[in-house]
Amino acid sequence: MAVVFKEPAASERELYVVGMGELVVTDSPDAVLSCIGLGSCIAVCAYDSQEKIGGMAHIVLPHNTGLNGVNPAKFADTAVPLLINEMIKKGGIRSRLIVKIAGGAQMTLAPGLRDTFKTGERNIAQVLLVLQRERIKPAAADTGGNIGRTVRMYVKTGHVTVKTAYGTAKEL
Amino acid sequence: MDLKKEIKEIDFADINMAQIFGEGVNNAIEGLSQMAGREVKVVRMDIKQVHVKDIPDLFGGPEALIIAIYLEIFGKANANGHMIVVYKPEVAFGLVDLLLDQPNGTTKELTDMETSTLGEVGNIMGSFFLNYLSDITGQRLKPSPPAVMMDMAGAVLDATLANILAYCDETFVVDTVFGTNDRQVSGTFLIIPDPSLEAG
């Protein structure tokens, strides 16, 4: 039977906000990794259930153009391999990693705008491509659409939840 | 209004830019005044440079609901910048009431009518802002059609600011309080010039 997800008590969770272009990997059981208010950005979550290691990357853009520093966690093509490597460094095993992705919304469908709002779509495509290169198939995904999302990962259990502006948190 | 007095926390090299944006926003409110058919005055203005990552915090955090009007700015060849006007939802509703001459508190949600009114606000403010900028920079600048969005601050802003993060980390923020004699609203303008616009 599937374990029903129940949010742990406030005293048993420690929220880590993973900001734009940041990447966090932890084995602290009380940690709750969170990307708050994702629009076109993507949260890539990785979990090793045996070692109970959780990781999350908050990806902003598909490719590094090299025009603004070299923060590898900001770009899909470098953030995904970095996340996997950091998971392995902490003791995770590649074949055991459960990867879930969420985000990549197109926030407006207004006519006349150029590619500004296609970033979400491009981010999703690039994340999927890089995961494929890494031979990892995402276990779950909640991407696209035109609403923002908040993503949380509970490191103790590996549960990932997605909440939208008008909705309640749902398990991914 | 003496903008020089208002300018704090900015690099000396940027004073000119901040001043220009401040005047542009003044001009945009003047446009709103004409749209409303009554005097709308700038009560307070605060210009600062903010790290893109910190912008959602200006509106109560990345999960807070906001309403944003987004315009792209077109110059000579490519887009030369972006302009985003952000309101808290209740403030945007108040602005709609002001413009439609309804008692304050009438508007409670964003339907087609309100979206279109706010889009028009974007059109007017964008054009007036860009007219001023065109005069100063000598470039022909025109706005894209407006996009009106209501969602979590983080989501709206990362969708609009993601491309900007590819080449810079900071943006100009012009906080304004404006209104008629009896009603005031506060809005925040985010102005993000491409390097090509700054060269002008």
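Me: Hi! At what angle do helix α3 and helix α4 of chain B pack?
Reply: Helix α3 (residues 89–99) and helix α4 (residues 112–137) of chain B pack at about 85°, and their axes are 10 Å apart. Here axes are lines fitted to C-alpha atoms, for helices over the stretch in contact, and angles run from 0 to 180 degrees between N-to-C directions. Helices (H or I, at least four residues) and strands (E, at least two) are DSSP runs, numbered from the N terminus. This is a predicted model, where local features need pLDDT of at least 70 and side-chain atom pairs count only at pLDDT 80 or more, while totals for chains, interfaces and linings use all residues. Residues are numbered from 1 along each chain as its sequence is written, with chains lettered from A and ligands numbered from 1 in the order in which they are written.

Me: So how are α3(B) and α4(B) oriented to each other?
Reply: They are roughly perpendicular, as angles of 65 to 115 degrees count as such, under 35 as roughly parallel, over 145 as roughly antiparallel and the rest as oblique.

Me: Which residues meet there?
Reply: From α3(B) come A92(B), L95(B), V96(B) and L99(B), and they meet E114(B), T117(B), L118(B) and V121(B) of α4(B). Contact needs C-beta atoms, placed from the backbone, within 7 Å.

Me: New topic: how many helices and strands does chain A have?
Reply: Chain A has two helices and ten strands.

Me: Is strand β8 of chain A mostly covered or mostly open?
Reply: Mostly covered: six of the six residues in β8(A) (149–154) are buried. Buried takes 20 or more other C-beta atoms within 10 Å of a residue's own; 12 or fewer is exposed, in between is partly exposed, and C-beta atoms are placed from the backbone.

Me: Which way do the residues of β8(A) point?
Reply: R149(A), V151(A) and M153(A) point one way, and T150(A), R152(A) and Y154(A) the other way. In a regular strand, side chains alternate between the two faces of the sheet.

Me: What does β8(A) pair with?
Reply: Strand β3(A) (31–38) is joined to β8(A) by five bridges, antiparallel, with S34(A) partnered by R152(A) and L38(A) by R149(A). Strand β9(A) (159–164) also pairs antiparallel with β8(A), over six bridges. Pairing needs at least two bridges found by DSSP.

Me: And what is the strand order of the whole sheet?
Reply: The open sheet of five strands in chain A runs β1-β3-β8-β9-β10, with mixed pairing. β1 (14–17) and β10 (170–171) of chain A stand at the edges with a single partner strand each, so one side of each has no neighbour in the sheet.

How values were computed: Two residues are in contact if their C-beta atoms, placed from the backbone, lie within 7 Å.
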